[in-house]
Amino acid sequence: MSLNFNQTYKCVSCGEDIYSNSLLRVVCVECVPSIDLCLECFSSRAEIGQHKSYHGYKLLDNGDFSPLGNDWTAKELVQLLDGLEQFGHGNWNDVSRYVETKGPTECRDAVNNLFVTGPIGSMTYKESERGNAMDHTSPPVTTTTPTNPASNLSLHELIVLGFMPARDDFEVEFENEGEILVSGIQACSGGNRVESDDEELETGLKLAQVDMYKNKLKERERRKQVAKDFGLVETFFKENPFNPSTGKIGAPKPKKKDPKSEVFEKLKVVSSFQGVEEYRKMVSSVAKEKDVKSRIKELLRYRKNGISTLSEAENYESQRLKRNKRKAERKKALESGANISGTDANNSTNCEPSPVKEEAKKVDLDKLSSIVGLPGYELLSVNEKRLCTSLRLHPNLYLSYKTCLLRDHLQKKKGQSPKPVHPTGLDKLHRRKIFNFLLHSGWISAY
């Protein structure tokens, strides 16, 4: 007997609806997929495609016979039980509308006489076990452990989080608008009527929406369980402490840049496929591997520099740090416009004083009569020598200010904003005359 009474079966030979003319249909058990034949085509030994007349077969009915010898057919009994399961015992009007061919009184009498006090009820129902029925339906795929992710939080933190412990629920859930998928779905009425193609398509769309909604519910539960297993809520409030006086969450503390953080970010994807302990073991092993590789790289650098003992390595590291510090200070001094000549002969972190300042201290510009033989004189052009002589300006002082002006000019041409730095020992009149001289000579342009 087929329990799908709403489906139509057509003969593959004549194309007619089988159950409209007969109570039985013939199904070939050897053809894949199986084919249906009416009794007339089967008796005439019809052969279609791969089907042969000598193939094995079975007979199926459409439920129009009475299995209990009364006026209830098998189809009506199945619909009665389906309606009873859906609407419950006592809602006989709804059950009768589901059966469609019987009234409320007939449905009530059939249930009581056949399945409660009748032979079926006497073998399956016991009054002493009322209320102790076992649910044999498949349970939903949800976690049975409590998913409370905020058990150790204070009342203020729960309010900020929007968590309701009694309901184990949040005010705003993941995919909070997911219920819209099923809120407008209307259930199809039962019965043995044949659905059209449009109705089958609409039913398929409704079932697809229900499946989408169930997937969203599963994802909600999965996220709650992940938040509980990994302690994400507690970690959030540790990084963003809650202030009860203001009722606001404090700004997170700036994290130090960790070179391992990039690797851990890539490993977050794997956490959804592993347990908590497995994920922690994997993260610790990856971190250990990264440390070992870094140490190997460091030892290879020591070997390349001829270092073979740990004491030599410590001395090398201290010298390297001092060297890097001197480079940084020298670079900073150059960016600020200081004139650094030569290298640090004493290997100290202090830069040598500028020779320009020393010369400016030794030579009094007011008593300077000739610049011939002074440091930097041989680097001047004829016009520059005349300018320095007329201004009674030390050549190195002129070259230092010229360097500052040229550097500022190049930075402005690149679109940068330079920081003007002027060497000591020049007054405003000297600076303006040097600027005008370089402008007229074509060294710089007006800006």
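This dialogue reads selected features of a predicted model.

Q: Where is the confidence in this protein lowest and highest among its elements?
A: The general idea is that pLDDT gives the predictor's confidence in each residue, from 0 to 100. Across the protein the average pLDDT is 76, and 79% of the residues score at least 70. Among the elements, helix α4 (residues 92-99) has the highest mean pLDDT, 89, and helix α14 (residues 355-362) has the lowest, 45.

Q: Over which residues does pLDDT stay under 50, and how many contacts beyond four places in sequence does the model have there?
A: Residues 142-147 are one such stretch, with 10 contacts beyond four places in sequence. Residues 340-362 are another, and for these the model has 22 such contacts.

Q: What is the strand order of the open sheet, and is the pairing parallel or antiparallel?
A: Strands of a sheet pair through backbone hydrogen bonds, in either a parallel or an antiparallel manner. Here, three strands form an open sheet in the order β2-β1-β3, with antiparallel pairing. Strands β2 (36-37) and β3 (57-61) stand at the edges, and each has a single partner strand, so one side of each lacks a neighbour in the sheet.

Q: How many bridges join β1 to β3, and how many join β1 to β2?
A: Five bridges connect β1 with β3, whereas two connect β1 with β2. Both pairs run antiparallel.

Q: Which residues stand opposite Cys28 and Val26, and which is the bridge partner of Val27?
A: Cys28 faces Tyr57 in β3. Val27 has Lys58 of β3 as its bridge partner. Val26, in turn, is opposite Leu37 in β2.

Q: Is β1 mostly covered or mostly open?
A: A residue counts as buried when its relative accessible area is under 20%. By that criterion β1 is mostly covered, as four of its five residues are buried.

Q: Which residues form the nonpolar patch on the surface?
A: The patch consists of Leu23, Leu24, Leu39, Tyr57 and Leu59, which together have about 450 Å² of accessible area. Leu23 lies in the loop between α1 (18-21) and β1 (24-28).

Q: Where does Glu234 lie, and is Glu234 buried, partly exposed or exposed?
A: The partly exposed class falls between the buried limit of 20% and the exposed limit of 50% relative accessible area. Glu234 is in helix α10 (residues 232-239) and has a relative accessible area of 23%, so Glu234 is partly exposed.

Q: How many residues apart in sequence are Glu234 and Leu153, and what is the C-alpha to C-alpha separation in space?
A: Glu234 and Leu153 are 81 residues apart in sequence, while their C-alpha atoms are 7.6 Å apart in space.

Notes
Residues numbered from 1 in each chain as written. Predicted model: local features only at pLDDT ≥ 70, side-chain atom pairs only at ≥ 80, totals over all residues. Heavy atoms only, no water. Patch = residues over 30% accessible without salt bridge, like charges linked within 9 Å, V, L, I, M, F, W, Y side chains within 5 Å. Areas by Shrake-Rupley, 256 points an atom, 1.4 Å probe, with all protein chains shown as cover. Salt bridge = Lys/Arg side-chain N within 4 Å of Asp/Glu carboxyl O. Pairing = 2+ DSSP bridges. Buried < 20%, exposed > 50% of the residue type's maximum accessible area, 1.4 Å probe, protein only. Contact = heavy atoms within 4.5 Å.
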